[in-house]
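Here are my notes on this one, as promised. Have the model open while you read.

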Amino acid sequence: MKRILKLVPAFLFVLVYACNNEQAIPSYPLSSTYPILSRGDGDAASLPTGSQILLNANGGLFVENGIFTYNGSTWYNGQNLQWTDTPTETIITALYPIYENNNYTLDNLYSNGKLEDVLIAQDTLSKKGDINLQFKHLFSSLTLYFEPTLATSLQSLALSVPVQIEKVTPQNGTYSLTPHSHTILQNNDGGHEYTFILPPCEECTLSLLLTLTDGTSHEVSFSPHTFLSGSHYACNISRYDSRPGIRDVEDLIAFCQLINGTYEGEETLDSFGEVVDEQRIYRLLSDITLTKEECQRLSPIGEDSAPFADIFDGEGHTISELTLPDVKYTGLFGHIGSTGIVRNLHINKASSLNTLNTSYVGGIASINDGTIDNCSLTNSNLYTIEKGYMGGICALTGGTILNCYTQSTIYHVNTSAIAGGIVGSANGNILNCYSKENQFTSSDKNNRLGSIAGMSTPRTTQYINNCYIFHSQNTQYWGAAVGTSSKVAIQYFYYNRGEVCNTKDAKTTLSDTSLYDSDYSIDSVHISQLLNEWVETTGAATFPNYTFNKWMIAADSSACFQ
């Protein structure tokens with residue numbers, strides 16, 4: 001009988017780098033030693049149609065070095081697989097890729113100067129049945145994340161590993177190591193992160209040589225670490241900055257707990273901030289990538305009863321893989337008070353939990369009564385409950401939001417909920433912002449949806465000035481700027497489809513709002529030029545206390561911040 005081998009599909013994701021206005025970071029020297037952080041088991045791997053694997057089976061089914069090809073749904077080799085009538089346990093092992101003569105030896109594994117990413121699928125069957133192959137990584141992987149100014153000054157990097165894989169046994173997937181140092185060379189590819197495949201080993205000490213574009217070289221060492229098969233690890237590489245600030249995940253967790261009065265360790269807030277011009281500033285000194293377990297130790301910074309009243313400066317860094325706390329007012333920040341400022345902070349690939357607790361969901365903050373400046377949310381998934389509020393930057397704002405954007409984020413909107421690409425409900429000014437390629441999952445007639453704000457009903461006149469959106473859905477009950485508006489002055493607003501407001505009252509005023517064409521232009525003038533004209537004239541005169549980001553034409557012809 002011919003058996004079908006099924007591939008369990010895996011989840012894939014794409015990380016998109018959005019155009020943003022990164023702050024320049026001073027050229028501090030490199031640290032001498034960096035810690036390596038565990039990032040848990042690697043994602044299951046998927047293989048494209050036409051891939052071939054080497055399969056071995058022993059027991060109730062016998063296959064010796066069988067080559068199977070994936071046709072998009074199943075694996076096949078054109079032969080009938082014969083099961084024995086005796087109910088014997090069957091052990092299945094499959095490897096990808098296939099090497100000549102089935103030799104998984106050092107010469108083949110390192111044929112490109114670095115260790116290949118070998119995938120393995122194993123299963124034990126107690127009786128006859130379909131064979132489901134789910135592949136994972138046989139070896140370990142390490143991603144080095146470089147802070148922006150260091151990444152752009154890199155010419156090449158060379159990672160030295162003290163051991164090599166000598167061979168892999170195809171019949172059972174076991175491997176053997178040889179104590180021989182191997183150096184992996186990598187030229188700068190223009191990115192901020194580099195991933196290396198490593199042999200699993202205990203208490204392994206790596207070293208790194210960085211060559212910069214100025215011709216200098218820097219040796220970097222890592223704390224000893226155990227690398228496990230099928231697991232992924234990460235390390236943030238940045239110039240050493242002696243200022244007080246948040247450098248890694250543990251610092252961020254301690255800072256959140258200190259602000260909210262739940263910390264039980266020995267750190268103080270002085271470790272993360274200093275007083276400048278009579279206001280305390282806390283700084284994020286490197287990019288941070290979180291695990292789900294680390295996210296569970298976070299709570300929103302600033303509670304409704306004790307809002308965050310200081311300055312948090314992200315200095316252009318990004319927090320990635322943030323799962324927002326499962327609480328009513330959820331965001332990285334819970335409540336930013338009237339004197340609070342959050343600036344220069346970017347969040348990528350965040351998500352909120354789809355539970356009955358999340359009523360007010362914001363990527364940066366749940367509630368903002370202060371200022372959010374030069375912040376962004378990208379590639380994220382946010383959920384809110386029935387009659388909840390949700391916004392990419394914040395759920396509710398009575399303060400000011402400027403120089404912010406959201407992009408490629410899905411807003412999962414429940415019945416009668418209010419959601420906006422920037423803000424859920426706006427009672428303050430939104431200036432010089434944009435919302436691009438965001439999606440709303442609901443079109444309930446009781447929803448209030450807008451690419452800038454879901455709803456705006458301020459007590460006094462509020463401004464939505466010098467903003468643009470790009471929306472790709474045919475969304476019902478949606479406004480290009482605001483879903484439902486009252487007493488709002490929407491000025492210098494550019495959009496590609498729909499109406500500026502889905503519904504509006506007589507106190508809502510519109511001026512200089514225009515549809516742009518497929519080239520992001522209006523009468524042959526690109527919207528980036530129109531946005532810059534406002535920054536240099538009307539914006540500077542009307543809001544003299546703010547500094548507005550300049551605009552440029554992005555690689556896809558849209559507009560983004562310089």
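1. Tyrosine 383 sits opposite histidine 412 of β37. β32 and β37 (residues 410-412) run parallel and are joined by 3 bridges. Strands here are DSSP E runs of at least two residues, helices H or I runs of at least four, numbered from the N terminus, and two strands pair if DSSP finds at least two bridges between them.

2. The open sheet has 3 strands, ordered β32-β37-β42, with parallel pairing. β32 (381-383) and β42 (439-440) are the edges: each has a single partner strand, so one side of each lacks a neighbour in the sheet.

3. A word on the model: it is predicted, so local features need pLDDT of at least 70 and side-chain atom pairs pLDDT 80 or more, while totals for chains, interfaces and linings use all residues. Residues are numbered from 1 along each chain as its sequence is written, and side-chain values use heavy atoms, without hydrogens and water.

4. Have a look at histidine 471, in the loop between β45 (462-470) and β46 (478-479). Histidine 471 is buried at 1% relative accessible area (buried is under 20%, exposed over 50%, partly exposed in between; 1.4 Å probe, protein chains only). Beyond its neighbours within four places in sequence, its contacts (heavy atoms within 4.5 Å) include Phe440 and Trp478.

5. Salt bridges (Lys or Arg side-chain nitrogen within 4 Å of an Asp or Glu carboxyl oxygen) number 9 in the whole structure. Glutamate 315 and arginine 283 form one at 3.7 Å, N to O; they lie in β25 and β23, so the pair ties together parts 32 residues apart in sequence. Both are buried, and a salt-bridge network links Arg243, Glu274, Arg283 and Glu315.
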